[in-house]
Amino acid sequence: LALPILYTMVELSRQYGTSPPSIYAYAVYGIIRIWLESDVDFAYQLGQLAWLLLERLDAKEFRSKSAVAISTNITHWKKHTKETIEPLFQAIQSGLEVGDLEFACHAANFYCSHLFFNGDCLEYVQEKQKQYVNFIKKNKQNHQLFLAKICSQLVANLMGESEKVFILTGDFMNEAEVLLYLQKSNNLIFRNIKISIIELTR
């Protein structure tokens with residue numbers, strides 16, 4: 001159902017002109033083009049179009065969700081991960097401004113994980129993780145909280161705060177509990193994190 005609605009939004013925007021909801025549609029359509037057709041160039045152009053329209057239309061209510069979509073799924077195919085960090089930080093603020101707590105918390109989770117993937121100092125990354133894990137918990141966004149805790153525990157393990165670096169159990173999470181949750185939601189992030197641990201500790 002979601003894809004036909006998305007395609008209809010994009011086609012209507014093409015025929016009759018762009019409105020604020022078109023911005024998020026362009027961003028998500030770019031993601032779909034990457035997933036289904038590996039069309040990175042066209043997806044990147046759609047992402048750039050979305051950024052342009054966000055400014056031109058001053059579409060504050062779509063800024064956070066569009067920034068998260070573009071920064072986590074499109075930008076890194078063409079730019080260094082560091083180019084996503086400031087947009088994700090701004091997405092936290094813009095989400096809060098319009099009451100979009102869901103995407104403010106998505107942005108907070110990805111902001112912290114991208115600091116880690118960018119190779120920032122682990123002490124600094126952990127400081128931000130603790131801050132935003134509490135922020136996400138305060139705003140009662142459980143899915144984002146589970147994801148944020150995974151990367152937070154990974155950083156804690158790499159800093160020597162756990163006896164078993166390959167087991168993500170410690171101050172932030174219990175591996176068995178999170179694994180059960182993510183399996184129920186068919187989320188592959190945990191598998192990817194475990195692969196990262198193996199690669200980082202070789």
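This is a predicted model: local features need pLDDT of at least 70, side-chain atom pairs count only at pLDDT 80 or more; totals for chains, interfaces and linings use all residues.
Student: Why are helix H6 and helix H8 called roughly parallel?

Tutor: Helix H6, residues 101-117, packs against helix H8, residues 142-158, at an angle of about 15°. Angles under 35 degrees count as roughly parallel, and therefore H6 is described as roughly parallel to H8. The axes of the two helices are 9 Å apart, and their crossing is left-handed.

Student: Which residues make the contact between H6 and H8?

Tutor: From H6 come Glu102, Cys105, His106, Asn109, Ser113 and Phe116. From H8 come His143, Gln144, Leu147, Ala148, Cys151, Leu154, Val155 and Leu158.

Student: Why is serine 66 called buried?

Tutor: Serine 66 has a relative accessibility of 0%. Buried means under 20% relative accessible area, so serine 66 counts as buried. This serine 66 is placed in helix H4. With neighbours within four places in sequence left aside, serine 66 is in contact with Ile23, Tyr24 and Leu54.

Student: What makes serine 22 buried or exposed?

Tutor: The relative accessible area of serine 22 is 3%. The limit for a buried residue is under 20%, and serine 22 is therefore buried. Serine 22 lies in helix H2, residues 20-37. Neighbours within four places in sequence aside, serine 22 is in contact with Ser13 and Gly17.

Student: How far is serine 22 from glutamate 102, by their C-alpha atoms?

Tutor: These C-alpha atoms are separated by 19 Å, while serine 22 and glutamate 102 are 80 residues apart along the chain.

Student: Which residues have the most contacts inside the largest nonpolar core?

Tutor: They are Ile92, Tyr111, Tyr132, Phe135 and Ile136, in a core of 31 residues. The elements that give two or more residues to this core are helix H4 (60-73), helix H5 (82-98), H6, helix H7 (122-138), H8 and helix H9 (175-184). H6 gives the most, with nine residues. A second, separate core has 21 residues, including Val10, Ile23, Ala43 and Ile70.

Student: What does isoleucine 136 contact, leaving aside its neighbours within four places in sequence?

Tutor: Isoleucine 136 is in contact with Cys105, Ala108, Asn109, Gln141, Gln144, Leu145 and Ala148. Among them, Cys105, Asn109, Gln144 and Ala148 also take part in the contact of H6 with H8.

How values were computed
Residues are numbered from 1 along each chain as its sequence is written. Side-chain values use heavy atoms; hydrogens and water are left out. Axes are lines fitted to C-alpha atoms, for helices over the stretch in contact, and angles run from 0 to 180 degrees between N-to-C directions. Helices (H or I, at least four residues) and strands (E, at least two) are DSSP runs, numbered from the N terminus. Angles under 35 degrees count as roughly parallel, over 145 as roughly antiparallel, 65 to 115 as roughly perpendicular and the rest as oblique. A crossing is left-handed if the near helix is turned anticlockwise from the far one by less than a right angle, and right-handed if clockwise. Contact means heavy atoms within 4.5 Å. A nonpolar core is a set of buried Ala, Val, Leu, Ile, Met, Phe, Trp, Tyr and Cys residues joined through side-chain atoms within 4.5 Å. Buried means under 20% relative accessible area, exposed over 50%, partly exposed in between (1.4 Å probe, protein chains only).
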